[in-house]
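Please keep the sequence and the 3D view open while reading.

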Amino acid sequence: MVYQRSSALFQEAQTVIPGGVNSPVRAFKAVGGTPIFVEKAKGAYLYDVDGNQLIDYINSWGPMILGHAHVPVVNAVIEKAQKGTSFGMPTEIETDIAALAVRMVPGIEKIRFVNSGTEACMSAVRLARGYTGKDKIIKFAGCYHGHSDSFLIQAGSGAVTFGTPNSPGVTKGTAKDTLLATYNDLENVAQLIQDNKDEIACIILEPVAGNMGCIPPADRFLQGLRTLCDANNILLIFDEVMTGFRLAKGGAQELYNVNADIVTFGKVIGGGLPVGAFAARAEIMNHLAPLGPVYQAGTLSGNPLAMAAGLAMLTELNSNAEVFDSLEKKTAYLHKGLREVMVKNGVAHTINRVGSMLSIHFSEAPVVDFKTAAHASGENFKLFFHGMLQEGVYIAPSAYETWFLCDALTYLDLDKTIEAANSVAQKLA
Ligand code: PMP
């Protein structure tokens, strides 16, 4: 495949945009080479500016559960845009999507919309602090909750890919209120709580981690956190920016039958438009302005185009429960196929998967937390990434990311992907 025009556009972009990108991981720095500039996408495929067709396993980092340019979502946006793109005033559709989300997600009674996952998590933590009157938070090494200051402490995803998990610009004062725990290690969390008695407002985590590759919660981990939170007057925040409406209608809370106190959403809830949201039972949400003292706001929050796209998306996911089943089967099929070719070619690997989230780490040791994820071979990942790209398969350009499948993928696409992985694996061994 040739990426001549992408390369020229990247050169040009770098003259006016830092690193040529508006979000670091897009720059391919971890894997080298030229980022691909997209022309358009439809269903399971990306079409780049050089005319290449790629099978997409990123799906805009999660939201395209039903595939790109899904007709009901596109139509909803077009129809709304014709009536105006932003008012900064209430609209009926905000209540429609809020009511639907409250019906779909366990344990929530009210929801507020923002413009990104970062905002959702940042606001959720402020709310938890305001509600509990405590300052400290616990986050897990390798979990990413957006780029707000409190979270850039051993964050996963791009922040690790670039080797700057503790970003300059985050003050010591902010950093001291973020306590770091090890994912899947309940004893570690219990110890932190013990050492900071009555000071911790909340524990925030990805209930299935997706920013150090895909790491499932160990048996009883989420339940154990719930118990620790209840015993210590700490709010449990599930960051469901990736998992919400993807792993089940009600997200990871439904899948694992554990309820959080506050849940955050992103991307999926806006059908791919710039949206985030946070939600909880009314008693907590009523602490937000204008009802309560915890301030949070946004000119474009509840934007009509984003609400229209999100409502179209959620309506379909709500009425078509088969989507989750179908995604589970397709991803299980891919998982099995990838495992077989890695084994056949003698490549040391670990594939983690929950529903339609999956990742490959090039290490034989189980990958259960940030440390074990970091132990995997970065060299093999680079070779694998570029090999797959040459075969027309687009996976995330970093080992600290997850594959997201969409239901537009056919079994033929999955077979092509497995074949591609087979030819690449021969070169890895
Ligand atoms: N939380 C999680 C779990 C995420 O994966 C991300 C982004 N990938 C965010 C929060 C931040 O969302 P956004 O990029 O929309 O700010």
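## The shell around the ligand

The ligand is surrounded by 17 residues, and the closest of them are Ser116, Gly117, Thr118, Gly146 and Val241; here a residue counts as near a molecule or strand if its C-beta atom, placed from the backbone, lies within 6 Å of it. Helix H4 (residues 117-132) gives the largest share of this shell, with 3 residues, where helices (H or I, at least four residues) and strands (E, at least two) are DSSP runs numbered from the N terminus. Sorted by class, the shell holds 5 nonpolar, 9 polar and 3 charged residues; Ala, Val, Leu, Ile, Met, Phe, Trp, Tyr, Cys and Pro count as nonpolar, Asp, Glu, Lys and Arg as charged, and the others, Gly among them, as polar.

This is a predicted model, in which local features need pLDDT of at least 70 and side-chain atom pairs count only at pLDDT 80 or more, while totals for chains, interfaces and linings use all residues. Residues are numbered from 1 along each chain as its sequence is written.

## Lys267

An unreviewed UniProt entry places the feature "modified residue: N6-(pyridoxal phosphate)lysine" at Lys267; UniProt positions follow the numbering used here, feature names are shortened, and annotations may be inferred rather than shown by experiment. Lys267 is found in the loop between strand E9 (262-266) and strand E10 (276-280).

Is Lys267 buried or exposed? Lys267 counts as buried because it has 25 C-beta neighbours inside 10 Å; the cut-offs are 20 or more other C-beta atoms within 10 Å for buried, 12 or fewer for exposed, and partly exposed in between, with C-beta atoms placed from the backbone. If neighbours within four places in sequence are left aside, Lys267 is in contact with Ser60, Trp61, Gly62, Pro63, Gly117, Val241, Gly272 and Val275, a contact being two residues whose C-beta atoms, placed from the backbone, lie within 7 Å.

Strand E12 (residues 357-361) is mostly covered, since 5 of its 5 residues are buried. In a regular strand the side chains alternate between the two faces of the sheet. In E12, Met357, Ser359 and His361 point one way while Leu358 and Ile360 point the other way, and all are buried.

Strand E11 (residues 350-354) runs antiparallel to E12 and is joined to it by 5 bridges; two strands pair if DSSP finds at least two bridges between them. Arg353 has Leu358 in E12 as its bridge partner, and in the hairpin of E11 and E12, which has 2 residues between the strands, Gly355 takes a positive phi near 50°. E12 also pairs with strand E14 (residues 403-404), in the antiparallel sense over 2 bridges, and there Leu358 stands opposite Trp403.

## An open sheet

Another group of 4 strands forms an open sheet in the order E1-E2-E3-E13, with mixed pairing. Strand E1 (38-42) and strand E13 (393-394) stand at the edges, each with a single partner strand, so one side of each is left without a neighbour in the sheet. E1 is joined to strand E2 (residues 45-48) by 4 bridges and runs antiparallel to it, and the bridge partner of Val38 in E2 is Asp48.

## Two domains

The protein chain is assigned domain 1 (4-69 + 322-428) and domain 2 (71-319), with bounds that come from an automatic or database domain assignment. Their centres, taken over C-alpha atoms, are separated by 25 Å, and 33 residues of domain 1 are in contact with 33 residues of domain 2. On the side of domain 1 that touches domain 2, the elements giving two or more residues are helix H12 (322-344), E11, E12 and helix H13 (370-374). E12 gives the largest share of that side, 4 residues, and by class the side has 20 nonpolar, 9 polar and 4 charged residues.

## Backbone details in loops

Arg220 lies in the loop between strand E7 (200-205) and helix H8 (221-232); its phi is near 70°, a positive value in a residue other than glycine, and Arg220 is partly exposed, with 13 other C-beta atoms within 10 Å. Asn257, in the loop between helix H9 (251-256) and E9, has a positive phi of about 55° although it is not a glycine. Asn257 is exposed, because 11 other C-beta atoms lie within 10 Å.
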